Each structure stands twice: as structure tokens, then as C-alpha cells.
Amino acid sequence: MTSLFPLLGDSFPNIHNMHSAPSFVGCLQDIEIDQIMVIPENVSSNSSLNVKEGCIRKDWCEHHPCHNKGRCINLWLSYQCDCYRPYAGPTCAAEYIPGRFGHEESVGYAAFPIEGSDHKNETISMFVRTRKPSGLLLSLKKSTILLFQVWLEGGKLVMSSPSSRKVFGKQTVNDGNFYLISLKMEPNKTELFQSSQNLGYISTPILTIQSGDIIYIGGLPDVQETNVSGGYFKGCIQDLRLSNQPLEFFPITPSLDSVIGKPTFINIAPGCAGDNLCKSNPCWNGGVCYSVWDDFTCTCPPNTAGKACEKVEWCELSPCPHEARCQLVHQGYECLANAVFSGRSSAIFYRSNGKIRRDLTHITFSFRTRDSNVMLLYAEKEPEFISISIQNTKLLLQLQSGNSFYTLSLSSARAVNDGKWHQVTFKMTEPLSQSSRWCIDLDEAKDSTTSAVATGNLNFLRDETDIYLADKAFDHLDGLRGCMSTVDIGGIHLSYFDPADGYTKKPQEEQFLKVSANTVVTGCMELDACLSSPCMHGGKCEDDYAYYHCTCAEGWTGSHCEINIDECASNPCAHGNCSDRTASYVCLCESGYMGARCEEDIDDCLGHLCANGATCLDGINSYSCLCAGNFTGRYCRRIRLPSTVCGNQNRNLTCYNYGNCTELQGHLECLCLPGFTGQR
């Protein structure tokens, strides 16, 4: 049984006129007064108020009345919402309106003057959202005296006071998200928090916020003073509080018992809208811009990169010929290759496109040649000129530039006409000066020399000055026979390739243009190919820079003299078999022939055995005897026997030794004398 304040006896005093603490809310059970049990049946209606029998409690939080993740607290007769910042109101449905600082590049700040009694052990807190790495967040001033301030530096929080060291945050907070920043003021120190992380403290005198002090947010009235601490803040500040007292830019509820006087707002907009940074078309190279809060993002076309698609991956487009190497340079690319020069006819010259603005303070290139006296590079615009040549096997730089009346001359210590690659750099020792000494570094400073006198830079090459490569106009020397890499003048290259040849046009603004019309032969080999002795069987190797050539010894052929010439291929043996030898052949003659080519028939009648005046008839590896008179036999040594002939010219028969030749019934036959036999 449950009851509340039963009335015993006649009556209690009039409870409506009693002054007491707030009434009890809840259930009471087993109430006993003077050993008398108080039960609902004993309580009269005029002696109770809001008392019901039983103990039924409603779950007010059952249907989750609190918005924005607020925590519901069941109060028996109602509920209460414990709101997460920056939400407020009975159901946490209201949100403190942010103040927008620096919208569309405006400059503004807020000032909250303090009123009322002194405030000790206070906390100032707020949510901050920005993408800028710098800006003043908060400053507490007493008249013109700065007590302390908090600002952004490099995207991180910084707090300081005139009498203490700085406290720095560890993480950046300028990524466009909201961060809770808190300052806890205690006797002799002020602590800085980022969310729940304690970033440190500064030592301060006993700090009490008093009436007349001003809390500045986002900046100060004085521009110069603001710029010292990062400049005016650009971003949003929300749910600013002095302890539990909201300091609202745009109030959502009336403020009772406020400790703040009338605030000052300069160029602060309600809400937290971002600037439309896409209106300035920040995306390059056809990128599509999308706005994000106080920032933009670009969807870039293929082969482009960077926040604004400003980086073109030119080399991925394969813009260079196959024999060249693509290299990215400022605002574009360059095709690097080694060129082969074969005398004056292959020399080329260049001229600036008129858009070069940088200072030209160095020249770098590589070369290889066997020439002992030859011009490598020459340019002149009177009285200024530059000459890089090989004189008496040594590399020589001559330069007159700027206001100097002296010709600077630098020479290498070593010979450079050995046919090997040499890398050379001519550079100012003080490139930022108008006049400077120059130095020559050969083969990565293995041979380095610095001039004793100073002269100017190479800026005269930026004007309409012809730059000759591998020759000098109108001199008596032949042009370079050898190789040169792509020449780099102050970071701008002398390209060997023309856009007119079908290659992609280079996008960079600053260029030296090839003016001469002759085509450059590229593909010079990195090393002297003859060093590996590619020519076989005594062949002589000749390095032609772009390739090598073998002059073969007699009897050999092929690009490496690897093929033995078949001297038998022309069938030189007239009557015999040919056997190939190196640079020669041998004929193995058939019987009856002789000579180097078996072209001579051997006279077999020499020492013949023909007798009785017979004539010897030479044959092939043999002879025959033409018998005279009445002789016969192989060697005409037998006397020819008497004979008779019968028949006609078409059909006849000869009978010897006086045999009688007869014709009987069309049949020819020899009838022999006694003592002889045989068909004839």
C-alpha cells in the first residue's frame, strides 16, 4: 500500500498556506505515526493534495524525446534532456547559430564586454571551424592591457600572455572540421584544451575577469595588432561560452541574468556557409571544380594532377621521339637526347622566344669528341659574348657580360679530346648578384677552376641573340665532330627537336627556339664503342659516335668482321674442286688438268709411245695414236693386214688376210683362207 501524507485525527493545518521546501515526488509506504498505520482509507480529501493510491511510474524517455543524441533523464512526472554541445532547448532540438567570420574575404570580429561582479575560475570554450592556417581566435583585454590570447599558427593552436612562454598545440585544426577549444582559468595559470586533451598552460598573475574587461573573438579593432597574431580569423565559431553562460552571436533564446553587456559584431554573418571558391575557375587544364566548405576540389583530366590540376604529367603522354628521354621542367617538359655533329654542315643555332624572365646564371652540358680545336657554343651581342671551345685539347670559357670591361677566361687543367664523355658546368659563384666570379666544374668537380675577376650573368641571351651550337659563324675552323647532350642554360634547354616535326608543342612559357632548319641527328652512344673491341679477326674499329665501323682484314667481312669470305663462291676452279682458305683458295684439279685454277689441260703426248711415224693425239688424261700407212694397233706397232670390202656405202663388210667377202641372199660374210679364223 502506498500513500502520501495522510491526515490523522480531525485535520492538519492548512497545507496550502505552509512555506516549505519543494514537495516530495515519489512513493511512500508503511507510514506509521504514533504507532498508527497511515493508509489511504484514513486520509480525507481535504487533508491531501496530488496524492494517489499505488506506485505507478511512467517511462518518459521511452519514445526518445531528446534530439541530436541528447541524453534523456526520467524525472518521474516528466523528463529532462541533457544536451550535447552545440545543441540546447528542452529537447535539444535547437542549435546555437554559428558566427561566420571572413565570409567572401570580409574582415570582422566580435567583442563581448563583461559586466557584473568579478568572475573567478572561469572557463571560456567554443567550437572552431576553419581551413586557414593562421588567424586570431580569442583575446582577453583589460582596457588596453592584453591578458592572454589564443591564435592559429601553421594550423595549430598557440596560447600566450605578455609574461609567459607560448603553448603550442600538437595537431592541426584547420581541416574544415569543428574542434572544441577550451581555456580553464585558475589562480596563477591558464590551461588550454583541445577537446579533452590538455595542451599545456601558461603562468599568469592571479587572473580575475572583471567588469569592463572585453573578450575579443576573431580579431581586434586594431588591424596591425591583429596581424601580429595571425591576422583576422576566417571560419566559423559556435557555442561560445563563459563557463555555462552562452555568448551568442545570434541568440536563439532570451538570455536571463547575462554577465555580458551589449556585444559588438563587425562583419559576422549567421550560419556557417562556405565561400564559393569555384567562381574564380581555379581548376587548370580543363579540370571540373566542385565547391566544398571554404575550399574546392577539382576532378582532373587524365595525365594531370595537383589540387588545381596544375601539374600535367606530360611525360605520360609520350610527347618525345623514341630516342629521347622526357624530363619534367617548370610548367612543362623537355625532350633530352644526345646529338651527333659531323662538321660545320651540322651546326645549329637558337634564339630566345622573348618571354624569358629568369636570370641565366649557369650552363650545363656533356660532350665527347677527338677534336683538339673546335667551337662548342658561341653567342654574341656586342659588347657581351660567351664562347665555350676546345683550344689545344683543353676546355676554354670566355665571357664578357654586364658592365665589366674585362673578358673572363677559364680553362680546364686536363685534355678533353679523348673521345670520352665529359660533363661541364659553368656557373656564377654568387648567382643572386649582378656581377660575380664564375667557376668551371668538369666531370663532377674532378677538375674545378674559379675565375679571379667578376663579370655579369647571361641575361643578354634572353634578347634576340643567336646561340650557335657546335660551330661559330664565319670562323676558319670546321664544326664539331662528336656528340653533345641537350644544353641547359639557366634551367632552359636547347632542344634538338622541332614541334613542326609532329611532336607535342611544349607548354612552358620560357623557351629557346631552334632557328636553323637543318635536322639534328640524335642517338650518340654513351661510350666509345671501340673500347669493347667489337671488330674480329684483326679488323680495325672506327668510332663514328652514333655507331662504329669495322674495316676488316683481307678475307673477312660482316659488321664485326665475323664472316670468312668464301673465295670459292665464284667457282674459280675451271676443272677441279675449290677449297676455301683465309683470303685465298686452293684448286684440287681433276685428272688431266693443272694450273692455279685447273685451267690448263696436261699434254699427255709428252713421252708418248706411238710408233712407226704415228701422230699422237692428246686427250683428257690420255692420248691416242693416229697410225700412218699400213700400221695399226694402239701404238701403231702392227702392220695392217690385206683386206677386201663388199657391200655398199650404207652396208658393208671388211675381210682381212685375204679373206673373201661374199654376199649371199643379202647376207655379208667373210670366207677365210686356211690358217685364219674369226668373223673377219
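Modeller: Helices here are DSSP runs of H or I of at least four residues, strands are DSSP runs of E of at least two, and both are numbered from the N terminus. This is a predicted model, in which local features need pLDDT of at least 70 and side-chain atom pairs count only at pLDDT 80 or more, while totals for chains, interfaces and linings use all residues. Residues are numbered from 1 along each chain as its sequence is written, and side-chain values use heavy atoms, with hydrogens and water left out.

Colleague: Which loop holds Asp443, and is Asp443 buried or exposed?

Modeller: Asp443 has a positive phi of about 55 degrees although it is not a glycine, and most residues other than glycine have a negative phi. Its loop lies between β36 (436-442) and β37 (447-455). Buried means under 20% relative accessible area, exposed over 50%, and partly exposed in between, with a 1.4 Å probe and protein chains only. Because its relative accessible area is 14%, Asp443 counts as buried.

Colleague: Asp34 also interests me; is Asp34 buried or exposed?

Modeller: Asp34, which is not a glycine either, has a positive phi of about 50 degrees and sits in the loop between β1 (31-33) and β2 (36-38). Its relative accessibility is 69%, and therefore Asp34 counts as exposed.

Colleague: What kind of peptide bond joins Glu382 and Pro383?

Modeller: Pro383 belongs to the loop between β31 (374-381) and β32 (384-391). Most peptide bonds are trans. Between Glu382 and Pro383, however, omega is about 5 degrees, and the bond is cis.

Colleague: Where is Ser516, and which residues does Ser516 contact beyond its neighbours within four places in sequence?

Modeller: Ser516 lies in the loop between β42 (512-514) and β43 (521-522), and it is buried because its relative accessible area is 9%. Its side chain makes a polar contact of 3.3 Å with that of Asn518; such a contact is a pair of N or O atoms within 3.5 Å, where within protein one must be able to donate a hydrogen and the other to accept it, and residues adjacent in sequence count only if both atoms are side-chain atoms. Taking contact to mean heavy atoms within 4.5 Å, and leaving aside neighbours within four places in sequence, the partners of Ser516 are Ile348 and Phe349.

Colleague: How many Å separate Arg638 and Phe426 in space, C-alpha to C-alpha?

Modeller: Arg638 is in strand β55 (residues 638-639) and is exposed, because its relative accessible area is 56%. Away from its neighbours within four places in sequence, Arg638 contacts Asn630, Phe631, Thr632 and Gly633. Arg638 and Phe426 are 212 residues apart in sequence, and their C-alpha distance in space is 109 Å.

Colleague: What is the radius of gyration of the chain?

Modeller: The chain has 1 helix and 59 strands. The globule rule gives 26 Å for 680 residues, and the chain is well over this, so it is more spread out than a compact globule. That radius is taken over C-alpha atoms, and the rule is 2.2 Å times the number of residues to the power 0.38. The C-alpha trace spans about 205 × 90 × 40 Å along its principal axes, and the radius of gyration of the chain is 58 Å.

Colleague: What percentage of the residues of the chain count as buried?

Modeller: Among contacts between residues at least 6 apart in sequence, 53% join residues at least 24 apart. Of the 680 residues of the chain, the buried share is 41%.
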